[in-house]
Amino acid sequence: VPMIRRFAVSALATALSLVVACGSPKRPESAADEELLDGHESNVTKEPTPSGNVKKGASQLESGDVKGARSSFEGALALDPKDVEAHYYMGVIAEKDGDKAAAETRYKTALSFRDDFEPAALNAAALATEARRFDDALAYLKAARDSHPDNVGLWLNSAIAFAEKGDENEAHRTFGEAVKRGETDPLVHLTFAHWLGRWKRREKAVE
């Protein structure tokens with residue numbers, strides 16, 4: 001069963017795909033855009049800002065203008081090479097292009113500037129797990145999970161990484177943490193049931 005993805009753009013979307021958000025990517029919440037979000041436009045022409053470019057790029061990406069979005073995110077990074085969201089979205093574009101190595105590098109770069117950035121942690125961990133680098137996946141998730149302990153996806157992806165790694169005890173414990181936080185989420189129960197079945201715990205899986 002594939003891992004939860006944030007704004008997934010890969011071909012992993014099957015009947016059992018675990019995707020946090022459907023459809024096109026949307027920009028993670030940020031406090032950087034107060035001027036852009038307050039509904040008022042200034043009559044004074046302003047120079048481009050990193051946050052303004054990212055907002056524009058996110059809108060372009062949502063509308064399917066990948067080339068324009070790439071240009072906007074590159075513009076954001078030219079103004080601020082440490083713009084976490086711009087690096088993240090460049091990773092999303094790289095995944096859309098099928099370049100998983102470049103995508104993971106972008107997510108990893110975003111995490112180097114903000115190690116608890118949930119979208120990058122989720123997607124980097126998913127790519128690392130697909131590549132069977134389970135310790136890398138767990139490392140990507142740990143800081144984000146410590147900072148955002150109620151994020152179901154971070155716990156679920158951690159559990160899947162432990163399960164794929166072959167650590168059944170830790171996977172079972174971590175699935176339990178995911179269930180506590182996602183008690184009404186059918187995908188959490190589906191994924192746990194899948195692994196219980198693989199562990200030959202049929203009655204628990206059916207339950």
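## A salt bridge at arginine 133

The side chains of arginine 133 and aspartate 136 meet in a salt bridge, 2.7 Å from N to O. The term means a side-chain nitrogen of Lys or Arg within 4 Å of a carboxyl oxygen of Asp or Glu. This is a predicted model, where local features need pLDDT of at least 70, side-chain atom pairs count only at pLDDT 80 or more, and totals for chains, interfaces and linings use all residues. Residues are numbered from 1 along each chain as its sequence is written, and side-chain values use heavy atoms, leaving out hydrogens and water.

Arginine 133 also pairs with glutamate 104, at 2.5 Å from N to O. That pair links distant parts of the chain. Glutamate 104 sits in helix α5 (residues 100-113), arginine 133 in the loop between α6 and α7, 29 residues apart.

How exposed are the partners? Buried means under 20% relative accessible area, exposed over 50%, partly exposed in between, with a 1.4 Å probe and protein chains only. Glutamate 104 is buried, at 11%. Arginine 133 is partly exposed, at 30%. Aspartate 136 is partly exposed, at 34%.

The contact (heavy atoms within 4.5 Å) includes Leu122 and Ala125 of α6 and Phe134 and Tyr140 of α7. Its residues divide into ten nonpolar, one polar and two charged. Here Ala, Val, Leu, Ile, Met, Phe, Trp, Tyr, Cys and Pro count as nonpolar, Asp, Glu, Lys and Arg as charged, and the others, Gly among them, as polar.

Arginine 132 has a phi near 65°, a positive value in a residue other than glycine.

Lysine 200 has a positive phi of about 65°. Its loop joins α10 (186-198) and α11 (202-206). Lysine 200 is exposed, at 72%.

## The whole chain

The chain has eleven helices and zero strands. Both are DSSP runs, numbered from the N terminus: helices are H or I, at least four residues, and strands are E, at least two. Buried residues make up 43% of the 207 residues. The salt bridge count comes to 13.
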